[in-house]
Amino acid sequence: MKKALITGITGQDGSYLAEFLLQKGYEVHGIKRRASSFNTQRVDHIYEDPHVDNARFKLHYGDLTDTSNLTRILQDVEPDEVYNLGAQSHVAVSFEAPEYTADVDATGTLRLLEAIRFLGLEKKTRFYQASTSELYGKVQEIPQRETTPFHPRSPYAVAKLYAYWITVNYREAYGLYACNGILFNHESPRRGETFVTRKITRGLANIALGLEPCLYMGNIDSLRDWGHAKDYVRMQWMMLQQDAPEDFVIATGVQYSVREFISWAAADLGITLEFKGTGVDEIAVVTHIQGDLAPALKPGDVIVRIDPRYFRPAEVETLLGDPTKAKEKLGWVPEVTARDMCREMVEADHKAARRYALLKEHGLDLPVSLEG
Ligand code: NDP
Ligand code: GDR
């Protein structure tokens, strides 16, 4: 039985990858951080009681900032594959916490690679690094492919640039099977609530049911190449099954604006929106409502406004990936379009909002998560 170790197992990708690897028959080990409240919601459904025989899903306390902890876990598990998905992954937050972001995202990657080498596992253990389209930043070529030069635009992207190159370096210097997946934005109903797609689907679902008054957004002109996380974790595994390690761009090859994503999510709730004004004065007004998913709204309601607080000190305006290499060499094609993914996310968030609304109607305390 193959063994995998996933850092960031409690995150969006980690949870889908763990499901995927369990289905493939792997023993899956994950590193979770100690937190003052539960942080394993995304993997609770695959948790196995460690007291039963043959449990194939195991969690270890750890942190990418802790060298001895990472070394000990690697020594205990001796994994065939390591997926380094753990990161301070929010671009805007990285401007607030640049040093911590560098420690986790850059040095954390080095710590793992060095632990593999120190333990003499470099011939056994294959290594996947969660690299990012944010490396392209101020884009030098459209669309972006494996050979496009990098120009990172945030402390997050700069930290990930170090992680990218140290992964290449350990491959070249020590013969480690190590690869970078340069993944463009990918989303799902499990996406963190403060990333733009989930903020929109969750926010509009809450507004439709009267749980929130308005959605405050940053730069809605921004263009992204959005795929579905389930498609992208499949590719992470495929990259570690080749004869030789290589880096791949993973993207859909289609881009949309944040404004378009807002219109889609509204449409999935039966709401037609009109955008009026420009810059920080831009608003989105409800012009028409169809169906019964948005009982709290009426035509004329303003449900989206711009708040400059969400602008970034340096923005990545446009990203569009070219996944030709992944298609030709690995036969990978994304199965879910951004439009269908938006529908799936709206459905999940509307369902959750209906539950909250029902609780509220009956005078029950709202779950803390709605306050976020
Ligand atoms: P999430 O933010 O959903 O998950 C991040 C994971 O990292 C969580 O499990 C988090 O733990 C963990 N983590 C954070 N800090 C530490 C730390 N100090 N030590 C150990 N673990 C830590 O990210 P995604 O699942 O969306 O992304 C996975 C990876 O892929 C990340 O590295 C991200 O930067 C990268 N990436 C993501 C893309 C995307 O569009 N989703 C695109 C390209 C790259 P906790 O749950 O406790 O917070
Ligand atoms: P990104 O994702 O920065 O691309 O990083 P995010 O969803 O945060 O932003 C995408 C674009 O939307 C604009 N935007 C807003 N973003 C947020 N979060 N909140 C807002 O209110 C808002 N309004 C407009 C942003 O300015 C940006 O242009 C994600 C993360 O998953 C990274 O870890 C990963 O590496 C990259 O995708 C690829």
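Student: In which hand, left-handed or right-handed, does α2 pass α4?

Tutor: A crossing is left-handed if the near helix is turned anticlockwise from the far one by less than a right angle, and right-handed if clockwise. Here α2 passes α4 in a right-handed crossing. Helices are DSSP runs of H or I with at least four residues, and strands are runs of E with at least two, numbered from the N terminus. The model is predicted: local features need pLDDT of at least 70, side-chain atom pairs count only at pLDDT 80 or more, and totals for chains, interfaces and linings use all residues. Residues are numbered from 1 along each chain as its sequence is written.

Student: At what angle do the axes of α2 and α4 cross?

Tutor: Axes are lines fitted to C-alpha atoms, for helices over the stretch in contact, and angles run from 0 to 180 degrees between N-to-C directions. Those of α2 (residues 67-77) and α4 (residues 98-118) cross at roughly 50° and come within 9 Å.

Student: Which residues of α2 and α4 meet?

Tutor: Contact requires C-beta atoms, placed from the backbone, within 7 Å. Thr67, Leu70, Thr71 and Leu74 of α2 meet Arg111, Leu112, Ala115, Ile116 and Phe118 of α4.

Student: How many helices and strands does the protein have?

Tutor: The protein has ten helices and 15 strands. Its C-alpha atoms fill a box of roughly 65 × 50 × 40 Å along the principal axes. Of its contacts with a separation of 6 or more, 74% join residues 24 or more positions apart.

Notes
Chains lettered and ligands numbered in written order. Contact = placed C-beta atoms within 7 Å.
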